[in-house]
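Q: I have two chains on the screen and would like to learn how to read them. Please take the features one at a time.

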Amino acid sequence: MRLLVLLWSLGPLLWQLRTSLLRPEALVAPLLEGNPWTLANYQLVLSGDPPFWQYLANSTLVGLATTLLTLLLAVPCAYGLQRLRGPMRWGVGLALVAAAMFPTVLLFLALLEIARSFGLANNLLALSLPYTALSLPLAVLLLRAAFADLPGELEDAARLEGLGLGQRLRFVLLPLLGPALASTAILVFLASWNEYAIALTWISRSDLLTLPIAIARIGGGSVFTIPYGAFAAATVLGSLPLMLLVLLAQRSIVSGLTRGAVKG
Amino acid sequence: MKNRTLSLLLMLPALLLLAAVFLYPLLRYGWLSLHASSVLTGLVPIPNGGANWGRLLDDARFWTDAGQTLRFAFCSVALELLGGLGLALLLHRPLRGRGPLRALTLLPWALPTTVMALGWRWIFNDPHGPLNAALRSLGGSSYGFLSTPATTWFFVVLADVWKTLPFVALLLLAGLQTIPADLEEALRLEGATRLQILRRLTLPLLVPYLTLALLFRLAQALGVFDLIQVLTGGGPAGSTESLALYAYLNAMRFLDFGYASTVMLATFLLLLVSLGGGWLLLRRHGLARSTERAA
């Protein structure tokens with residue numbers, strides 16, 4: 001059973017890995033002689049113009065900027081929401097859940113208009129603005145749940161000691177929120193790394209493409225002309241950083257998602 | 001009162017950004033959908049008195065795509081819930097190597113959709129992909145997984161299920177972990193079989209999580225875009241085109257912003273109706289109540 005599950009989850013990934021290491025001739029016809037294995041696909045991808053690592057760097061930049069901005073906005077918002085009482089609290093919570101569920105592709109056209117009229121297209125840092133908005137609902141919900149878990153006496157004590165709001169957040173509350181902040185940050189980074197529709201329409205300069213767009217663009221040609229080996233190499237290179245992140249931060253991701261489910 | 005003002009002030013920056021990114025587009029689409037704004041008008045909006053909505057009603061492609069989108073969404077969400085439940089039950093059992101197993105099964109969900117859409121395109125490739133190679137070695141002949149209009153949609157569903165099943169499983173796993181183990185133990189001591197425990201204890205307690213996964217995934221699946229754009233481009237013969245892809249094509253290929261806005265709004269309405277319908281259906285069966293209680 002375990003094996004079956006692993007085969008289902010990893011099979012397609014391993015097949016990409018295998019494809020990326022095969023010579024192009026070996027893909028269409030089993031070679032009868034000679035060594036079918038090669039690293040040429042990786043050389044091809046890495047020596048492209050722009051080289052592949054450029055896309056990785058672009059995605060990393062957008063991801064980091066988005067994560068930072070999201071946390072900066074989400075922490076005060078979650079704190080405020082947690083302290084709020086009455087129908088507003090309920091209403092804002094519901095609106096956040098609705099926004100978290102909203103399929104973001106439906107937003108791209110109006111956002112594209114905004115980008116054009118404010119000159120934000122082809123700007124990676126500007127791209128992190130809509131990304132932050134897309135990540136905010138989940139981030140606020142997760143962090144609000146984390147704030148709710150902290151004992152209220154703690155903050156009262158800090159207030160009696162004469163600490164202001166900023167100090168209470170910085171020295172008392174946030175240090176205790178470490179795990180929640182970490183899992184929120186990872187989920188935000190993942191979402192930003194994988195976003196497609198908005199990046200597709202905001203970014204047109206080839207040296208500024210984020211990874212999902214770059215990969216989709218390589219594959220834009222006809223099915224028969226695609227250099228599948230190079231492609232597979234690109235997907236492997238593009239997946240590796242994420243795989244590392246997921247494997248290393250698995251516990252954090254799972255706890256973040258499950259918390260969101262339990263409290264949301 | 002001072003407390004309340006402070007709370008609202010702290011929330012203001014985030015709420016403003018959210019309004020700009022979520023609320024403004026919907027209002028803008030409402031306005032644009034009542035205007036002609038295309039290459040013909042130089043993308044300058046000119047009021048056209050609801051002509052876009054009239055066109056939508058007569059647009060066979062829109063209605064075909066709506067049907068295809070619903071078919072895709074319902075099939076993939078149903079399979080994800082079933083498969084996700086199975087996977088969650090498996091991951092919940094005390095197994096050797098459960099931690100790494102969880103991490104590895106989570107991988108498909110974490111990777112960019114476009115990346116693996118390309119991977120699937122190669123796996124489904126006719127005739128060189130591994131699936132066709134396997135078919136041939138079993139004595140069959142190659143099958144056009146992505147070029148047979150009658151069946152291609154199902155393979156798109158399969159690729160979507162592969163990617164999002166881990167997410168559903170994780171949500172349900174969170175639900176399983178809230179069920180006290182001694183309840184299960186007590187039922188077992190009374191001689192209940194595994195299936196009985198599942199039906200009488202586990203599933204009822206899991207309803208809030210199933211509902212959450214259902215609503216969330218349904219909303220996402222009804223807006224499916226990147227998977228289809230990369231995997232099939234909407235083909236063959238438009239048989240996998242989704243509403244979101246149609247709206248995208250109207251905006252970016254046909255440069256008709258007015259009509260694209262109309263299609264987006266219509267998609268959003270369809271989504272509201274589907275989710276609302278799903279909710280009412282659950283409610284009629286008394287399932288929603290336990291969700292509300294849990295929320």
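A: Start with contacts along chain A, where two residues are in contact if their C-beta atoms, placed from the backbone, lie within 7 Å. Among chain A contacts between residues at least 6 apart in sequence, 78% join residues at least 24 apart. In chain B, 67% of the contacts between residues at least 6 apart join residues at least 24 apart. This is a predicted model, in which local features need pLDDT of at least 70, side-chain atom pairs count only at pLDDT 80 or more, and totals for chains, interfaces and linings use all residues. Residues are numbered from 1 along each chain as its sequence is written, while chains are lettered from A and ligands numbered from 1 in the order in which they are written.

Q: What does the predictor say about confidence in chain B?
A: pLDDT is the predictor's confidence in each residue, from 0 to 100. Chain B averages 88, and 96% of its residues score at least 70. For the complex, the predictor gives an ipTM of 0.87 and a pTM of 0.89.

Q: How many helices and strands does chain A have?
A: Helices (H or I, at least four residues) and strands (E, at least two) are DSSP runs, numbered from the N terminus. Chain A has 14 helices and zero strands. Chain B comes to 13 helices and two strands.

Q: What percentage of chain A is buried?
A: A residue is buried if 20 or more other C-beta atoms lie within 10 Å of its own, exposed if 12 or fewer, and partly exposed in between, with C-beta atoms placed from the backbone. By that count 45% of the 264 residues in chain A are buried, and 43% of the 295 in chain B.

Q: Where does helix α1 of chain B bend?
A: The bend at a residue is the angle between axes fitted to the seven residues ending there and the seven starting there. Helix α1(B), residues 2-32, bends by about 45° at B:L12, and the proline B:P13 follows within four residues. Its buried residues include B:L10, B:M11, B:A14, B:L15 and B:L18. Among the elements covering the buried residues are α4 (52-83) and α7 (124-149) of chain A, and α12 (257-284) of chain B.

Q: Which residue marks the kink in α9 of chain B?
A: The kink, of about 50°, lies at B:V207, shortly before the proline B:P208.

Q: How many residues of each chain meet at the interface?
A: 66 residues of chain A are in contact with 69 residues of chain B.

Q: Which residues touch the most other members of the largest nonpolar core?
A: A nonpolar core is a set of buried Ala, Val, Leu, Ile, Met, Phe, Trp, Tyr and Cys residues joined through C-beta atoms within 7 Å. The largest has 158 residues, and A:A74, A:V140, A:L143, B:L171 and B:L172 touch the most other members. Helix α7 (152-176) of chain B gives the most to this core, 16 residues. Leaving aside neighbours within four places in sequence, A:A74 is in contact with A:L136, A:A139, A:V140, A:L143 and B:A14.

Q: Where is B:L43?
A: B:L43 is in the loop between β1 and β2 (46-47) of chain B. Its phi is near 60°, a positive value in a residue other than glycine.
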